[in-house]
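Please read the numbered points with the sequence and the model in view.

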Amino acid sequence: MSTPSLAALPIRRLTLRDLTACADLSENRGWQREEHKWGFLLTAGKGYGIDDPSGGLVAACVVTEYGPPERPDLGAVGMVLVAERHARQGVGRRLMRHVVATMGTTPLTLHATSNGRPLYEELGFKVTGRAEMLVGHFTPGGPESGVSTRAATAEDLPAILRLDEEVFGADRTPLITRLPAFADQLRVAEEDGRITGYTAAWPNMDTHVIGPLVAQDTETAKALIGSLAAGTDRPLRTDIDVRHEELLAWAKARGLASVAFNAVMTYGITQLPGDWTRRFAPLTVAAG
């Protein structure tokens, strides 16, 4: 029996049952397996994939929708992967066209590597920003911050959701309410009894990823990062909007090194909604 052509293989929705296959695909492309993140995204978002007749996946991606379920305000595309032996054969283009068509008039965003950017530009995505990935062991130091931070409690969740929607520009309740179970730390900054920022540190292989990072100003963002660092021995990783130059310089002085840049791209909108001045880092580049 002849093997079906790649163009004839159907695109289907992925579920948690595909977690191992998605992690295998990550590993195939030289990424870490990131099973914890895959599980989060496949639960909170919508996965799309193409099965390989010989086993595993030819390609996969995840779309995380924000806003009303029946009419999302924004969709974040991430984890776009094509198996090495099927690369450069139009599979990624076909999968992304399927996503764009499925999402209809919903605006889209994604973080693109230099390798992926040409494909997304071909599909109509525009570069609207840039994020810098930092990784390293955090070294405490410098003047004592006057910002008060503490571990978040269940009672904080409504205030966190209100702040997040205001800053992000869309309702992210399905993701944010999963943070207490997904992250090892969830912390808030507080001023006169009012929450002025929040952040999480979630495990990803041998690192703790800082994200989301939402804060009223740079000093609050610094205090939140420092408070997370005090609670882990792992290297930290985060992706900071390059417009936050002061925070980037501070983080580098504290031991985090720049390892990559990603282009922030949008489709159907000229810029992301919300308030970028208080949005310092995404939950993950795969979900915005």
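**Notes on the fold and its aromatic pairs**

1. Helix H2, residues 35-44, is mostly covered, with seven of its 10 residues buried. Those buried positions of H2 are Lys37, Trp38, Gly39, Phe40, Leu41, Leu42 and Ala44. It should be kept in mind throughout that this is a predicted model.

2. The wider setting is as follows. The secondary structure of the chain consists of nine helices and 13 strands. Of the 288 residues in the chain, 51% are buried.

3. On overall dimensions, a compact globule of 288 residues would have a radius of gyration near 19 Å, and the chain agrees with this because its own value is 19 Å. The C-alpha trace spans about 70 × 35 × 35 Å along its principal axes.

4. Contacts across the sequence deserve a remark. Among the contacts in the chain with a separation of 6 or more, 71% are accounted for by residues 24 or more positions apart.

5. How many aromatic pairs does the count come to? The count comes to six aromatic pairs. One of the pairs is formed by Tyr66 and Phe168: the ring centres are 5.1 Å apart and the planes stand at 70°, so this pair is edge-to-face, the class for angles over 60 degrees. The pair links distant parts of the chain, since Tyr66 lies in strand S3 (residues 57-66) and Phe168 in helix H5 (residues 157-168), 102 residues apart. Are these two residues buried or exposed? Both Tyr66 and Phe168 are buried.

6. Phe138 and Trp250 provide a further case. Their ring centres are 5.5 Å apart with the planes at 50°, and the pair is therefore tilted. Phe138 sits in the loop between strand S6 (126-136) and strand S7 (148-151), whereas Trp250 is in helix H9 (residues 245-253); the pair thus links distant parts of the chain, 112 residues apart. Phe138 and Trp250 are both buried.

7. Finally, the surface and the charges may be considered. The chain exposes about 13,100 Å², of which carbon and sulfur atoms supply 50%. The chain carries 30 positive and 34 negative charges, and the mean positions of the two sets are 7 Å apart.

Notes:
Residues numbered from 1 in each chain as written. Predicted model: local features only at pLDDT ≥ 70, side-chain atom pairs only at ≥ 80, totals over all residues. Heavy atoms only, no water. Helix = DSSP H or I, 4+ residues; strand = E, 2+ residues; numbered from the N terminus. Rg over C-alpha atoms; globule rule 2.2 N^0.38 Å. Buried < 20%, exposed > 50% of the residue type's maximum accessible area, 1.4 Å probe, protein only. Contact = heavy atoms within 4.5 Å. Areas by Shrake-Rupley, 256 points an atom, 1.4 Å probe, with all protein chains shown as cover. Lys, Arg positive; Asp, Glu negative; His and termini not counted. Charge placed at Lys NZ, Arg CZ, Asp CG, Glu CD. Phe/Tyr/Trp six-rings, centres within 6.5 Å; stacked < 30°, edge-to-face > 60°.
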